[in-house]
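Student: Hi, could you walk me through this one?
Tutor: Happy to, let's look at it together.

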Amino acid sequence: MFRMKKIFLVLALVLGWISTQAQTPQTNLIPAPAVYSLRSGSVSGSKLACLHEKVRISEKALLRRFKGRKLADWQLKSAYWLEVGKKGVKIVAADEEGVFYARQTLKMMASLDSSVSCCTILDWPRLRYRGMMLDVSRHFQGKDFVMKQLEMMALLKMNRFHFHLVDNPGWRLQIDAYPSLTKLTAWRPQAFFWDWEKNEIGGPFVEEGTPGVYGGYFTKQDIAEILAFADERHIEVIPEIEMPGHNYETRAAYPELACSLPSGGKDPWELCPGKESTFEFLEKVLLEVFDMFPSRYIHIGGDEARKNNWKLCPDCQARMKSEGLERVEELQSYMIRRMERFAHEHGKRIIGWDEILQGGLAPDATVMSWHGTEAGLQAVREGHDVIFTPTHYYYLDYHQDPAQFRPVGRLVSLEKVYSFEPMVEGISEADAHHVLGVQGNLWTEHVQDAWHAEMMLYPRVFAIAETGWSQAEKKEWPDFERRASFLSDVARKWGYTVYPPFPQE
Ligand SMILES: [Zn+2]
């Protein structure tokens with residue numbers, strides 16, 4: 001009898017083992033969690049939100065669940081342990097941020113599945129910067145649109161919103177010291193960017209209030225509301241104020257900021273780094289920006305300055321002489337270094353596009369590597385922090401399908417976006433901490449309407465979120481494609497436009 005019992009016990013154990021093996025733990029979550037284990041039973045998705053929730057915020061308790069696994073402090077802050085049982089949900093985290101991410105996981109589970117399997121999840125981010133950039137200069141989108149995207153970012157555990165607020169076709173931020181920036185250069189007669197900008201020279205601006213005018217800007221009150229909304233979702237908003245290029249609009253409002261050339265020179269975009277008044281302008285603008293945005297970072301642009309005017313401008317030439325600069329590239333570098341010093345005096349660090357490497361990089365600058373990954377690699381080797389946002393993977397104005405509405409640029413399909421590996425070849429383990437993370441950029445030259453902007457973002461942003469959060473070994477294209485289609489359906493139900501925007505036959 002005893003022997004029979006023993007045989008049954010062994011048989012039960014073997015069958016149990018076989019059934020857990022057959023039941024490959026599968027989750028529909030994006031980003032894929034680090035450790036996901038199934039428990040017996042399930043809960044209906046609609047009930048999940050009403051279940052009793054027990055939260056414990058304790059670093060010690062969380063570390064016990066990590067069983068000796070080493071995490072960086074910033075990872076620990078976002079990490080969480082989550083148990084979904086039939087009668088309740090338990091969360092353990094070291095910080096409120098971890099609790100927030102556990103709840104985002106629950107929210108996504110409840111939305112994706114009518115029946116949620118009971119499970120345990122141990123999860124933490126791979127990279128600390130998981131970003132998205134929105135260009136509101138070429139075409140303007142207001143605060144409701146911005147908040148809607150922040151909501152989706154939070155669900156995807158993304159934590160940096162790069163706000164491209166100013167550029168040639170429109171200044172979109174209230175600055176009290178320089179009211180013409182928004183009274184004049186936030187408004188233009190033509191709504192569609194390409195109708196306004198012809199032959200790569202900007203078009204006209206018209207005054208606020210002119211009938212039929214296109215444009216808009218964010219007041220300080222709008223910004224405060226956006227920041228409060230982002231803060232509740234553990235998203236840092238990083239403002240960008242472009243310099244020295246991409247300033248056609250600034251020069252339209254304040255022509256004295258251009259180089260002193262009889263015909264305006266060849267470059268209609270640049271500020272004059274020779275004139276002291278240019279620095280006065282930038283510093284006053286930045287002081288108001290610093291007051292509005294609590295982020296430690298200020299993005300100063302730094303890209304695509306052509307520098308032809310500087311070769312001819314007497315003020316620029318005088319500056320080069322007095323500073324002992326031989327090339328105009330060094331003049332750009334002079335400007336960026338000077339603005340970095342100013343930012344430091346106010347407790348800020350600068351981020352710039354990878355052109356800020358030209359002529360020598362400011363000592364503490366973070367580089368956004370957009371010309372492929374070479375610039376990022378160079379910056380990392382020189383000891384700088386880098387955010388990867390390479391055009392051929394992460395430029396979300398590029399088309400995802402040749403058949404889509406207004407296809408431009410290269411083909412950047414969902415699979416292509418998903419395939420980017422941020423630890424690019426050549427980055428040593430010792431330098432890996434300089435890779436802060438990844439960011440998708442939505443430039444809006446061709447993207448006028450809100451639905452179009454969302455169609456360019458989704459589902460590709462899902463892929464960027466997973467690359468930023470999920471551990472490298474968790475990434476697998478066929479499985480991601482499956483999960484992305486589930487999440488796309490959910491996002492559509494919530495009112496987002498996801499590509500393809502209409503059901504495919
Ligand atoms: Zn000049």
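Student: Which way do the residues of S7 point?
Tutor: From S7, Arg160, His162 and His164 point one way while Phe161 and Phe163 point the other way, and all are buried. Buried here is 20 or more other C-beta atoms, placed from the backbone, within 10 Å of the residue's own, against 12 or fewer for exposed and partly exposed in between. Strands (E, at least two residues) and helices (H or I, at least four) are DSSP runs, numbered from the N terminus.

Student: Is this predicted or experimental, and how are residues numbered?
Tutor: This is a predicted model, where local features need pLDDT of at least 70, side-chain atom pairs count only at pLDDT 80 or more, and totals for chains, interfaces and linings use all residues. Residues are numbered from 1 along each chain as its sequence is written.

Student: Which strands pair with S7?
Tutor: S6 (residues 129-135) runs parallel to S7, joined by five bridges, and S12 (residues 236-243) also pairs with S7 in the parallel sense over five bridges. Pairing needs at least two DSSP bridges between two strands.

Student: Switching topic, how many helices and strands are in the protein chain?
Tutor: The protein chain has 20 helices and 17 strands.

Student: And how much of the chain is buried?
Tutor: Buried residues are 45% of the 505 in the protein chain.
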